[in-house]
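Please look over the model below. The report that follows takes it region by region.

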Amino acid sequence: MTVNAPVNAPVNAPVNDSVHVLAAGRLRDLAHDLLTAAGVPDDTAVIVAESLVEADLAGHGSHGVRRIKPYLDRIAEGAVVPEVRPEVVSRRGASAVVSGRRGFGQAAARLAVAEAAALAGAHGVGVVAVRECNHVGRLGEYAQTLAAQGLIAQVVGNADPTVAPYGGRSRMLGTNPMAWAVPRAGGAAVVMDWATAAMAEGKLGLLRSAGSPAPEGVLVDPEGRPSTDPADFYRGGALLPFGGHKGYGLSVLIELVAGLLTGTGTACSPAYDGTFGTVITAVDIAAFVPLDHYVAEVESFCEALRASGPGVVVPGEPEAAARAERLRDGIPVPLPVWEELCGLAARLGVPTEKISAHDTEHNARPATGR
């Protein structure tokens with residue numbers, strides 16, 4: 001999450017849009033049932049459903065249950081092989097390679113996180129490259145998992161070409177997200193998780209569904225002209241990097257690290273294999289300084305930041321607040337996403353009546369925004 005950078009901040013359902021509110025457990029069950037009905041093995045469906053709902057809980061609906069239909073489309077196209085399991089294919093010192101075997105990226109990323117943690121415990125640092133990996137969801141999820149184990153985490157990934165380089169207009173780079181996480185006291189974490197594009201494609205998709213404009217500086221139309229119409233991206237336009245040359249430079253480096261170390265290829269290369277090259281790094285704090293001392297210093301620093309001004313928040317705090325609120329009050333699912341899920345359920349024979357009946361009092365409730 002980027003403080004004072006709204007385009008990459010947590011996005012709830014748009015203000016004044018209608019939403020269908022569901023308890024997290026019920027939404028997780030629905031996601032699981034849709035996936036298994038489409039032929040995803042139960043254990044993999046559990047992992048994917050948990051990951052998607054965790055993104056919705058954090059306020060990042062761009063990486064939440066709205067991804068189910070694209071995932072099922074990818075299965076139908078043969079791009080995702082649902083029945084395979086990821087595996088560690090090589091280890092050397094503090095490094096390893098995980099193959100997702102073109103199955104679900106969330107399962108591959110979870111295996112890579114466990115491997116990185118084990119390597120960090122043995123060597124002080126662990127670096128894992130994930131190849132043949134489909135979309136992994138929200139990178140912050142994996143960074144937070146490592147931070148909860150007393151580790152500093154960095155996760156980067158390269159994706160299909162949707163972003164124009166600084167000064168250009170053609171799709172040459174992926175949205176190429178990156179995440180960092182550092183442990184805090186009480187199991188929380190300082191988490192930074194953003195796309196190097198000015199806006200993640202999923203957030204742009206939410207704006208298009210709501211009929212809302214995009215902020216200026218986010219995209220260009222197919223002719224390379226600045227645009228605030230999300231539909232222009234889907235007509236063949238391109239996203240732009242955040243921060244001009246700075247976001248562009250980060251994106252280039254992620255292509256060269258996540259794309260090439262995994263064998264995925266850079267997004268605009270003819271050799272690009274269409275997957276999501278991911279590199280996960282874990283650092284054992286205790287290999288450098290005592291963990292308790294480090295965490296205490298982190299907390300002192302966070303307190304000083306918040307005390308410096310009434311509007312200051314620490315990265316990761318908005319997501320934590322959204323999660324607490326949504327666990328209590330339910331997850332607002334934008335009506336277009338809910339209707340899409342119901343359409344999938346009808347096609348796959350997954351019942352939604354019990355869920356709908358339980359949550360009737362929330363149907364079409366105005367979203368609060370954030």
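## A polar pair at S99

Which residue's side chain does the side chain of S99 join in a polar contact? The partner is E132, and the contact is 2.6 Å. This is a predicted model.

S99 lies in strand β3. Its relative accessibility is 4%, so S99 counts as buried. Leaving out residues up to four places away in sequence, S99 touches P86, E87, V89, R131 and E132.

## Confidence

Mean pLDDT for the protein is 91. A value of 70 or more is reached by 91% of the residues. Where pLDDT is low, predicted coordinates should not be read in detail.

## The loop from β3 to α4

Strand β3 covers 95–99 and helix α4 covers 105–123. The loop between them holds R101 and R102. Neither arginine is a glycine, yet R101 has a positive phi of about 55 degrees and R102 one of about 65 degrees.

Are these arginines buried, exposed or partly exposed? R101 has 38% relative accessibility, so R101 counts as partly exposed. R102, at 29%, also counts as partly exposed. The cut-offs behind this are under 20% for buried and over 50% for exposed.

## Helix α4

How far apart are the end C-alpha atoms of α4? They are 26 Å apart. The helix has 19 residues and should span 27 Å at 1.5 Å a residue, so the model agrees with expectation.

The buried residues of α4 include G105, Q106, A107, A108 and A109. Just after the helix, G124 takes a positive phi of about 95 degrees.

## Nonpolar cores

The largest nonpolar core has 30 residues. V128, V136, L146 and I280 touch the most other members. At least two residues each come from β3, α4, β4 (125–131), α5 (139–147), β5 (151–158), β6 (178–183), β7 (189–194) and β11 (277–284). Helix α4 gives the largest share, with 8 residues.

V136 shows how this region meets. Not counting residues up to four places away in sequence, V136 touches S51, G105, Q106, A109, Y142, F276 and T278. A second, separate core has 29 residues, including A31, A45, V65 and I331.

## Aromatic pairs

How many aromatic pairs are there? The count comes to 3. One of them is W194 with F242: the ring centres are 5.4 Å apart and the planes stand at 55 degrees, so the pair is tilted. This pair links distant parts of the chain, 48 residues apart. W194 is in strand β7, and F242 is in the loop between β10 (238–239) and α8 (245–261). W194 has 18% relative accessibility and therefore counts as buried. F242, at 22%, counts as partly exposed.

Another pair is F233 with Y234. Their ring centres are 4.9 Å apart and their planes are at 85 degrees, so the pair is edge-to-face. F233 is buried, with a relative accessible area of 3%. Y234 is partly exposed, at 30% relative accessibility.

Terms used: Residues numbered from 1 in each chain as written. Predicted model: local features only at pLDDT ≥ 70, side-chain atom pairs only at ≥ 80, totals over all residues. Heavy atoms only, no water. Helix = DSSP H or I, 4+ residues; strand = E, 2+ residues; numbered from the N terminus. Buried < 20%, exposed > 50% of the residue type's maximum accessible area, 1.4 Å probe, protein only. Core = buried A, V, L, I, M, F, W, Y, C linked by side-chain atoms within 4.5 Å. Contact = heavy atoms within 4.5 Å. Polar contact = N/O pair within 3.5 Å; in protein donor to acceptor, adjacent residues only side chain to side chain. pLDDT = per-residue confidence, 0-100. Expected span 1.5 Å × (residues − 1). Phe/Tyr/Trp six-rings, centres within 6.5 Å; stacked < 30°, edge-to-face > 60°.
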